[in-house]
Amino acid sequence: MRKKILYFIKENKVLILLLLLALFFIAKLSDLPCVFTLKAVRYLFLQPQRGTYIYGALKLMENLSLAYIASLVFYLIIEFIPKQKKAKRAYQIIENELVSLFSNMSKLISILNSELKIDKDYKNIKLSDVEILDSLSVSNETKYYHNKIYIDGEYSSETEIYIQYYSELPKIINNILKRIDKIKNMPCIVDVDNRIIQILSEVESNGFVLQVQYLEKCVDNYELFKNIIRTNFGKNYYHFIQSLTKLYDFEFRKFTYKKYEMNNNEKEEYKKNIQEIIEKHPEIREKQKAYLGIKRVN
């Protein structure tokens with residue numbers, strides 16, 4: 001609620017300032033006794049002598065102030081309030097897509113943050129924390145992780161997963177772009193908060209998105225990796241994180257993740273568990289293994 005009030009004030013600061021000015025002129029010529037005790041403030045609201053030039057000018061300002069307040073009330077009733085109701089309905093329609101978008105962005109960030117050894121809240125990550133990506137060689141070797149899942153900042157559960165960077169990261173990016181495309185093609189998009197549309201455009205046009213999509217082509221092409229992936233990769237990634245943090249201003253369920261690489265013993269145990277699952281369910285194809293999570297029993 002506090003964020004909504006601050007955003008309303010920020011977006012309508014001119015209207016609010018004019019309203020305060022209008023109320024001042026009305027109070028200035030009011031016959032009601034001044035309620036302020038401070039001498040300087042009482043002097044500010046002191047009514048000039050009737051029939052003087054200053055009184056006439058203030059009387060004109062009072063009439064204009066009354067007209068402004070009447071027009072402001074008319075604007076609120078006819079345009080602003082109905083527009084806010086439409087925006088609320090539109091938000092309810094796209095909310096599930098925002099949940100999925102946020103979740104996929106968080107998955108991607110958690111993978112790279114694990115590689116960079118960053119264990120910070122997204123809002124506290126600085127450009128200096130991620131600039132090393134420009135010189136980091138991300139291999140396509142299989143990485144095994146403990147994957148902690150948080151819902152609205154509260155710990156929910158933990159799974160074990162494995163990932164191949166050059167194949168998995170582009171898939172996540174494609175999911176992100178699908179969510180954005182779906183939201184933008186909804187009829188209600190015309191009523192969606194402009195801040196959301198701006199965030200979607202930021203993510204969609206971020207060079208980081210294109211760079212990650214190229215990862216699959218970089219498996220056997222180091223020159224492509226060097227020329228495309230490494231160019232401003234850290235800076236673009238930082239802006240990608242910043243786009244995600246802006247979504248915190250909106251109220252929906254937020255799934256975040258933290259990944260910690262397994263040690264050798266844990267890897268072997270995980271592989272064994274995966275093999276047991278495959279043996280019990282032979283219909284599971286090889287490519288589906290990466291999506292099998294083994295829930296940790298606490």
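Is Ile274 buried or exposed? I looked this up first, and at 7% relative accessibility Ile274 counts as buried (buried is under 20% relative accessible area, exposed is over 50%, and partly exposed is in between, with a 1.4 Å probe and protein chains only).

A note on the source: this is a predicted model, where local features need pLDDT of at least 70, side-chain atom pairs count only at pLDDT 80 or more, and totals for chains, interfaces and linings use all residues. Residues are numbered from 1 along each chain as its sequence is written, and side-chain values use heavy atoms, with hydrogens and water left out.

Back to Ile274, which I found in helix 11 (residues 264-280); helices (H or I, at least four residues) and strands (E, at least two) are DSSP runs, numbered from the N terminus. From Ile274 to Ile161 I read 9.9 Å, C-alpha to C-alpha, across 113 residues of sequence.

Next, salt bridges: a side-chain nitrogen of Lys or Arg within 4 Å of a carboxyl oxygen of Asp or Glu. By this rule I have 10 of them.

I looked at Glu97 with Lys182, a salt bridge at 3.1 Å, N to O. Glu97 lies in helix 4 (residues 53-115) and Lys182 in helix 6 (residues 165-184), so the pair ties together parts 85 residues apart in sequence. Glu97 is buried at 11% relative accessibility, while Lys182 is partly exposed at 41%.

Then I checked Asp119 and Lys258, whose closest N and O atoms are 3.5 Å apart in their salt bridge. Asp119 sits in the loop between helix 4 and helix 5 (127-130), and Lys258 in strand 3 (residues 255-261), 139 residues apart.
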